[in-house]
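This explanation goes from the chain as a whole to its sheets and then to a single residue. Please keep the sequence and the model in view while reading.

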Amino acid sequence: MSPIRGQCLCAAVKFSGTHAESGFGACHCRMCQRWAGGPFLATSTSGITFDGEENLVRFKSSDWAERGFCKKCGTNLFYKELESDSYEMCVGTFDDLNSFALNEEIFIDRKPAAYDFAGDHPRLTEAETIVRHGPVPPIPQ
Ligand SMILES: [Zn+2]
Ligand SMILES: [Zn+2]
């Protein structure tokens, strides 16, 4: 998918990018649950630039990553590893949602029983997630 555009709820922060993966991931880890208020749904992007950067708060949520949100309306916008140039943008913030498909769930063993996503895609446990995506420091509860 390219190019891409999106914004927060109040439009104080807008973004555009050169590319977004059409498949997005759902993370059920405890940090994402608390931050997103539920599953965290995001896709990898490249070439992201922000309009309204003065309204964007970057919260360093761990030693390895930061999470961004609008300081006016609180919309969660992205997760980003500090060493990476790629933003994992929240799929709900994109202007066009219709071309995205869920292609992976991670930390599935942290998902509460009350909800499930439909579809036939990989569902990785915490241990499988770390094998697939590389070692990460312990996830806070
Ligand atoms: Zn906003
Ligand atoms: Zn997570």
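Two strands are said to pair if DSSP finds at least two bridges between them. The model is a predicted one, and the pairings below are read from it in that sense.

The chain has two helices and 11 strands. Read from the N terminus, the order of elements is β-β-β-β-α-β-β-β-β-β-β-β-α. Along the principal axes, the C-alpha atoms fill a box of roughly 40 × 30 × 30 Å. Of the 141 residues, 30% count as buried. Among contacts between residues at least 6 apart in sequence, 52% join residues at least 24 apart.

One part of the fold is an open sheet of three strands, in the order 1-2-6 and with antiparallel pairing. Strand 1 (4-7) and strand 6 (49-51) are its edge strands, since each pairs on one side only. On average, neighbouring strands of this sheet are turned by 20° against each other, direction ignored. Strand 2 (residues 14-17) pairs with strand 6 in the antiparallel sense over three bridges. Within this pairing, Ser16 has Thr49 of strand 6 as its bridge partner.

Strands of a sheet pair through backbone hydrogen bonds, and the pairing may be parallel or antiparallel. Strand 4 shows both senses. With strand 11 (residues 101-106), strand 4 runs parallel, and five bridges join the two. Ala26 stands opposite Glu105 of strand 11. With strand 5 (residues 40-46), strand 4 runs antiparallel, joined by three bridges. Here Cys27 has Phe40 in strand 5 as its bridge partner. Is strand 4 (residues 23-27) mostly covered or mostly open? Four of its five residues are buried, so the strand is mostly covered; a residue is buried if 20 or more other C-beta atoms lie within 10 Å of its own.

The same cut-off applies to Asn76, a residue of strand 9 (residues 76-81). Why does Asn76 count as buried? Asn76 has 21 other C-beta atoms within 10 Å, and therefore it is buried. Leaving aside residues up to four places away in sequence, Asn76 touches Trp35, Ala36, Arg67, Phe69 and Cys90. For one of these, Cys90, the separation from Asn76 is 14 residues in sequence and 7.1 Å in space, C-alpha to C-alpha.

Terms used
Residues numbered from 1 in each chain as written. Chains lettered and ligands numbered in written order. Predicted model: local features only at pLDDT ≥ 70, side-chain atom pairs only at ≥ 80, totals over all residues. Buried ≥ 20, exposed ≤ 12 C-beta atoms within 10 Å, placed from the backbone. Contact = placed C-beta atoms within 7 Å. Axes fitted to C-alpha atoms, helices over the stretch in contact; angles between N-to-C directions.
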